[in-house]
Amino acid sequence: MKIQPSDKPLLDWAGDSLAIGLFEDAVELTGDLAKLDEQFAGVLKELIAEEEFTAKPYSTIFTRVSAGSSIRKVILVGLGKPEALKLETLRRAAAAVARVAKKQKSKTLALSFPLWNNQPAATAQAITEGTQLALYQDIRFKSEPEDKGAKIETVDLLGLGGQEAAITLANHIVSGVILARQLVAAPANEVTPITLAETARAIATEHGIEVTILEREDCEKLGMGAFLGVAQASDLPPKFIHLTYKPQGTPKRKLAIIGKGLTFDSGGLNIKGAGSGIETMKIDMGGAGATLGAAKAIAQIKPDVEVHFISAATENMISGHAMHPGDILRASNGKTIEVNNTDAEGRLTLADALVYADKLGVDAMVDLATLTGACVIALGDDIAGLYTPDDAVASQLEQAAETAGEKLWRMPMEEKYFEGLKSGIADMKNTGPRPGGSITAALFLKQFIKDTPWAHLDIAGPVWTDKENGYNSSGATGYGVRTLVNWVLAQ
């Protein structure tokens, strides 16, 4: 599918489906829309009246145009109230249109949407993202494709001539989101620590960036006892992944992105029981998926910022080699951890990853993890938790997420809650009391960073959806990639 900008007037476009965005409570046809309605013998006005269309956000209606017209079908999509127009509105409206056009077997599609904030580049980027992401289907594991019908081949963005760069930027970002979706959606027998490392190598080879994969012996030399404690029960070797994008010349900033990489989480000896969702634990590498997706996008966009992409990848399994509840692990910064719950393993792998990233001399770092069910209880399935003691980093990530249309909410870092993590025989336990569980998890991670500005994103909720949602089909959402890319580009 090719998405392209077009300066062709609305009245002159010809093709299968023409989509027009309309504002709520302002659906009277004026100007070019009135002329278009005249060309169609009043079918638009009639359609709006019959369907009682009020242009509520993302609502759609469509009709076939009379025979002999240069356009086969017209789709109207609601954009809500004009004062509430956001990039996310355009993104989701484009997704709604794309799905309708696909069901109507359109090969050519044009979208005529208003500009957001008089910014054609941002408008073109949002529409491209919404269209591409809505039409993506993951059929890798089906013996035969379910959809054998016509595919949309070209999409014209009317009124957005000259925005080729914005469309290219969107395509790079979408490629990263789709990679993250594919990694998170694939079962644990397909995405393992080994294949995750192979994916990192493939990104490095294809886009000319640096890659380092630390093997178990390398991690032992660095004293990564927390990470290796989790990994020791698995028959599959752990892989510590480090991708580095460096711009030509001196970078403006140096950043690190760290993703939790548990390719499957059984819970360890504190095994997940009935109703725990153990069958979904392939998604426990959602942070690593977003990290590698962001790496793929950034490597193509080539900003003047140096970025390190890191994941300590392993499984959390059960065997005669498994860590026991009550074991004490020593992380690579020397701090000791009493393991009072082997199912709180992600923070153990992140501990050593954060110590490693902190030694790189970066200006700021962000970790992403499907870390706690407590965050889902607090914020639901659609919103990630943002934890940081740094107001500047918090503000940057909030703005990046707002632009991306990915929801997050800053949560408190209540220092006194760390009391619940104190151990009588080690520096800390890996879990605290049930109340405030997502906060104590963030406070645990904070112990493995010295002075680098840092933020933690708990993405346990939005990394997966059970139903079609906006431009996400049911399944993996690729959450985090667009926020991370925006964060990097804003530096």
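Buried means under 20% relative accessible area. Keep that cut-off in mind for the first stop in this predicted model.

**Stop 1: His 207**

Select His 207. It sits in helix 6, which covers residues 193-207. Is this residue buried or exposed? His 207 has a relative accessible area of 15%, so it counts as buried. Now show what surrounds it. Setting aside neighbours within four places in sequence, His 207 contacts Lys 296, Ala 299, Gln 300 and Lys 302.

**Stop 2: Gly 437**

Move to helix 13, residues 437-446, and pick Gly 437. Its relative accessibility is 14%, so Gly 437 is buried as well. Which residues does Gly 437 touch, not counting those up to four places away in sequence? Select Thr 372 and Ala 374 to see them. Next, draw a distance from the C-alpha of Gly 437 to that of Met 224. The line spans 24 Å, and the two residues are 213 apart along the chain.

**Stop 3: the two domains**

Zoom out and colour the chain by domain. The domain assignment gives residues 2-152 as domain 1 and residues 171-489 as domain 2. Their C-alpha centres are 37 Å apart. Where they meet, 18 residues of domain 1 and 22 residues of domain 2 take part in the contact.

**Stop 4: the buried area**

How much area do domain 1 and domain 2 bury between them? The figure is about 1700 Å², with 57% of it on carbon and sulfur atoms.

**Stop 5: links across the interface**

Show side chains at the interface of domain 1 and domain 2. Two salt bridges cross it. Select Lys 86 and Glu 402 next: their side chains form a salt bridge, at 3.9 Å from N to O. For polar contacts, the count between the domains is nine residue pairs.

**Stop 6: the domain 1 face**

Stay on the side of domain 1 that touches domain 2. Highlight helix 3 (87-103) and helix 4 (120-135); each supplies at least two residues of this side. Which helix gives the most? Helix 4 does, with seven residues. Finish by colouring this side by class. It has six nonpolar, four polar and eight charged residues.

How values were computed:
Residues are numbered from 1 along each chain as its sequence is written. This is a predicted model: local features need pLDDT of at least 70, side-chain atom pairs count only at pLDDT 80 or more; totals for chains, interfaces and linings use all residues. Side-chain values use heavy atoms; hydrogens and water are left out. Domain bounds come from an automatic or database domain assignment. Contact means heavy atoms within 4.5 Å. Buried area is the accessible area (1.4 Å probe) that two parts lose on being put together, summed over both. A salt bridge is a side-chain nitrogen of Lys or Arg within 4 Å of a carboxyl oxygen of Asp or Glu. A polar contact is a pair of N or O atoms within 3.5 Å; within protein, one must be able to donate a hydrogen and the other to accept it, and residues adjacent in sequence count only if both atoms are side-chain atoms. Helices (H or I, at least four residues) and strands (E, at least two) are DSSP runs, numbered from the N terminus. Ala, Val, Leu, Ile, Met, Phe, Trp, Tyr, Cys and Pro count as nonpolar, Asp, Glu, Lys and Arg as charged, and the others, Gly among them, as polar. Buried means under 20% relative accessible area, exposed over 50%, partly exposed in between (1.4 Å probe, protein chains only).
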